Amino acid sequence: MPFRRKKISIIGAGQVGATCALVAASRDLGDVVLLDRAEGMAKGKALDILQAGAVQLFDGTVRGTADYADTAGSDMVVLTAGSPRRPGLTRDDLLAINADVVASCCREIKRTSPEAVVIVVTNPLDAMAFVAKRELGFPRERVLGMAGVLDSARFHSFVAEELSVSVRDVQALVLGGHGDSMVPMPRHCFVGGVPLTQLLSLERITALVEHARRGGDEIVGLLETGSAFYAPAASIVQMVEAVLKNQRRILPCAAYLEGEYGVSGLFVGVPCLLGGGGLEKVCEMELDETERAAFEHSVGRVRALVDDLARLGL
Ligand code: APR
């Protein structure tokens, strides 16, 4: 069989999708297809990224399209299509708008890339991942949501800044739903192996946790015309790379739980082992009383969103 590069399709060539295409291509992860219903934009951005390759020297092709036939046989599909958050519009407000978009895109993905591992990015994330899994009908191993990598990246960056240390040495874990309802776990945060609780006061840790929780809103407020995209794109590519290279990394992702953490039938952020098959394992950990209460509160928020989907007939 002739050698074939991995194929990564990104649905939605907006801020997140196009940046994700650039990062994935720059890391030489494979051939990238950028699809948007706005065909000219997808084609224009793809050409621009391809030409960046002539400077950055990556080998993969980058192709823009509005036709799912061009995405056929993808190894991975990243779903970013939908409306971004705008000031005054919460993630939950986006539910109805984006559920339709996600469902229609997933019907096409199922038809054209039935073996792909799909990463959902469209918000409200945990509910959109639920819609995606339902429409795709794929096993849970091949449908994941990107949230925890981004939420923990935000926390990592604030901790590194506070302590004036390299962000490489900060390790933190975030569970639960995306954004407001995320559950940071300061007890499991380490800086170069030293527990964060021995480096910072509880007040400072709480302030940094709050900052991370509001991280997305802060950027929406500043941008005024959209939501974050650089860190989301970098976070997506970390997950894509873990799967395509079978890295067997443990990353916080939204996974469809089947009894783990006492939850069934919902996407919730938990530590996941990511490898060539996608979700290889949901890693369970013991939660103390406070963590368990915060986790359950967060799961309640996700469940309410999924109930809203049913109520709205979405
Ligand atoms: N099919 C294909 N593309 C679509 C569809 C559809 N049915 N509906 C919308 N799109 C495209 C839009 O044309 C637009 O180019 O999705 C793209 C979304 O891009 P942006 O508006 O720039 O949004 P972005 O900032 O990239 O965010 C995308 O990721 O982080 C989340 O909350 C964010 O849900 C949002 C998503």
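Student: Okay, I've got the predicted model open. Which residues are closest to the ligand?

Tutor: The closest are Gln15, Val16, Asp36, Thr80 and Asn123. In total, 18 residues surround the ligand.

Student: Let's zoom in on aspartate 36. How far is its polar side-chain atom from the ligand oxygen?

Tutor: That distance is 2.6 Å, from a polar side-chain atom of aspartate 36 to an oxygen atom of the ligand.

Student: And asparagine 123, what part of that residue is involved?

Tutor: The side chain: one of its N or O atoms sits 2.9 Å from an oxygen atom of the ligand. With glycine 82, on the other hand, a polar backbone atom is 3.3 Å from a ligand oxygen.

Student: How much of the ligand does the protein bury?

Tutor: Taken alone, the ligand exposes 720 Å², and the protein buries 86% of that.

Student: Which elements give two or more residues to the shell?

Tutor: Those are α1, residues 15-26, and α3, residues 95-112. The largest share comes from α3, with three residues.

Student: Switching topic: how do strands β13 and β14 pair?

Tutor: In the antiparallel sense, over four bridges. Strand β13 covers residues 264-275, and β14 covers residues 278-282.

Student: How many residues are between them?

Tutor: Two, and β13 and β14 form a hairpin.

Student: Which residue is the bridge partner of glycine 275?

Tutor: Glycine 278, in β14.

Student: Now salt bridges. How many are there in the whole structure?

Tutor: A search of the whole structure finds 18.

Student: Pick one! Which residue does arginine 107 meet in a salt bridge?

Tutor: Glutamate 135, with their side chains at 3.3 Å, N to O. The pair links distant parts of the chain, 28 residues apart: arginine 107 is in helix α3, while glutamate 135 is in helix α4, residues 125-136.

Student: Is glutamate 135 buried or exposed?

Tutor: Glutamate 135 counts as buried, because its relative accessibility is 19% and the cut-off for buried is under 20%. Arginine 107 is partly exposed, with a relative accessible area of 44%.

Student: How exposed are arginine 111 and glutamate 108?

Tutor: Arginine 111 is exposed, at 56% relative accessible area. Glutamate 108 is partly exposed, at 25%.

Student: What about aspartate 308, which residue is its salt-bridge partner?

Tutor: Arginine 311, with the closest N and O atoms 2.8 Å apart.

Student: Why are aspartate 308 and arginine 311 separated by about one helical turn?

Tutor: Because they are three residues apart in helix α9, residues 289-311. Aspartate 308 counts as partly exposed at 24% relative accessibility, whereas arginine 311 is exposed, with a relative accessible area of 60%.

Definitions and conventions:
Residues are numbered from 1 along each chain as its sequence is written. This is a predicted model: local features need pLDDT of at least 70, side-chain atom pairs count only at pLDDT 80 or more; totals for chains, interfaces and linings use all residues. Side-chain values use heavy atoms; hydrogens and water are left out. A residue is near a molecule or strand if one of its heavy atoms lies within 4 Å of it. A polar contact is a pair of N or O atoms within 3.5 Å; within protein, one must be able to donate a hydrogen and the other to accept it, and residues adjacent in sequence count only if both atoms are side-chain atoms. Accessible areas come from the Shrake-Rupley method with a 1.4 Å probe; for residues, only the protein chains shown count as cover. Two strands pair if DSSP finds at least two bridges between them. A salt bridge is a side-chain nitrogen of Lys or Arg within 4 Å of a carboxyl oxygen of Asp or Glu. Buried means under 20% relative accessible area, exposed over 50%, partly exposed in between (1.4 Å probe, protein chains only).
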